[in-house]
Structures are given as C-alpha cells and as structure tokens.
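Please look over the sequence and the three-dimensional structure shown here before reading the report that follows.

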Amino acid sequence: MKREFLFFAIVAITMIASAQSYNSDLNDLGQYVQRMYMNEPFEGARVVENVDNCYLITVVAEKPGNNDYATNRKAEVKGLSYANKYLNGEMSMQNTIVHTTENSQGYSYDEIEDFIESRSMGYVQTMQVISTFTDAAGKKVFVYCKQLPMPEQPKAKKKGKRRK
C-alpha cells in the first residue's frame, strides 16, 4: 500500500513539474520577432526558419481599448486571418459605384459606395501567443506562432565517375 501511494505521488509530482516548464525556443523566437518589430514595425504573416524548426509567425498591433478581452479576441481573429491568407491565399473583389446628384442650383454631389468582398478557402484552427508588448506608438502588439513542417532539402548530388 505504501509503495503504491509512493509511486502515484512520484508520478503526480513529475507531471506537475513538467507542466510548469516553458519552451525556450519559443521564448527566444518571441524576443527575436519583438526586436524585428521594434527595428521596423510590420503586421501580417511571415515564415521564420532555424536549423531545426520552421514557424509561421503573425504579428498584430491593436490600440488597447477599455475591454482587454475584446482587444485580445480581436487580435487573435486578425492573427488567424493573416495566417489563413498566407497559407491558403485569398480572392478579393472590389466594386465602386459613384452616384452623382445635381440640385436645382446646379451643384453636383458625388456619393461613392465601395463594396469589398474577400474569400479564402481553408481554416487555421489555433495559434500560440509567444509574445505581447507595447510599441512606441502605444499599440499592444501580439505575436502568434504555429510550427510548420520543415521543408525538404534538395538531395546533394554524388560526385564520382559515371558508369557507362
């Protein structure tokens, strides 16, 4: 009985201790993207590769509002949209309609209507927040990440004699 209790206690402690760890690669990646953003601000999706991993990064800058939850949710939806457009492409259509009216005094007034339609196939389910910070303009910047499979490297050609 004591051995079983000791065994379960050790397993529980091990699980709790490993749950508290963090991925140092993602921490370093978040700091790298933050330095990139501070050097030259950008928004959208990019692919970042190192020797072992390939990551899809999306950066979203939002003005902080009164409701933190709404700001976080809006940034999350924008980040997922950037990732989906990057991975699956987008088809956009724009129609502009100009209505010109003239009054009795001969003055004309233009009323412009823009219709923008955007369609994209596919869906990006989740992305992990790896960094949040405030930029010089006072916007809150969210950095999202999703690990991608490593692209295959071209095989090196063998050097040697050809057989005839």
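## A residue in helix α3

In this predicted model, T71 is found in helix α3, which covers residues 68–88. Is T71 buried or exposed? T71 has a relative accessible area of 8%, and because buried means under 20% relative accessible area, T71 counts as buried. When neighbours within four places in sequence are left aside, T71 is in contact with E62, K63, P64, G65 and F142.

## The nonpolar cores

The largest nonpolar core has 15 residues, and the members that touch the most others are L29, V33, Y37, I57, V59, I130 and C145.

| Element | Residues |
|---|---|
| α2 | 24–39 |
| β2 | 54–62 |
| β5 | 128–134 |
| β6 | 140–148 |

Apart from this core lies another, made of eleven residues, with C54, A75, L80 and F142 among them. Returning to V59, and not counting residues up to four places away in sequence, one finds that V59 touches V33, Y37, F42, E43, G44, Y82, V141 and F142.

Strand β3, residues 91–102, and strand β4, residues 108–119, pair in the antiparallel sense, and the pairing runs over twelve bridges. Which residue in β4 is the bridge partner of E102? The partner is S108. Five residues lie between the two strands of this hairpin, where G106 takes a positive phi near 95 degrees.

Definitions and conventions:
Residues numbered from 1 in each chain as written. Predicted model: local features only at pLDDT ≥ 70, side-chain atom pairs only at ≥ 80, totals over all residues. Heavy atoms only, no water. Core = buried A, V, L, I, M, F, W, Y, C linked by side-chain atoms within 4.5 Å. Buried < 20%, exposed > 50% of the residue type's maximum accessible area, 1.4 Å probe, protein only. Helix = DSSP H or I, 4+ residues; strand = E, 2+ residues; numbered from the N terminus. Contact = heavy atoms within 4.5 Å. Pairing = 2+ DSSP bridges.
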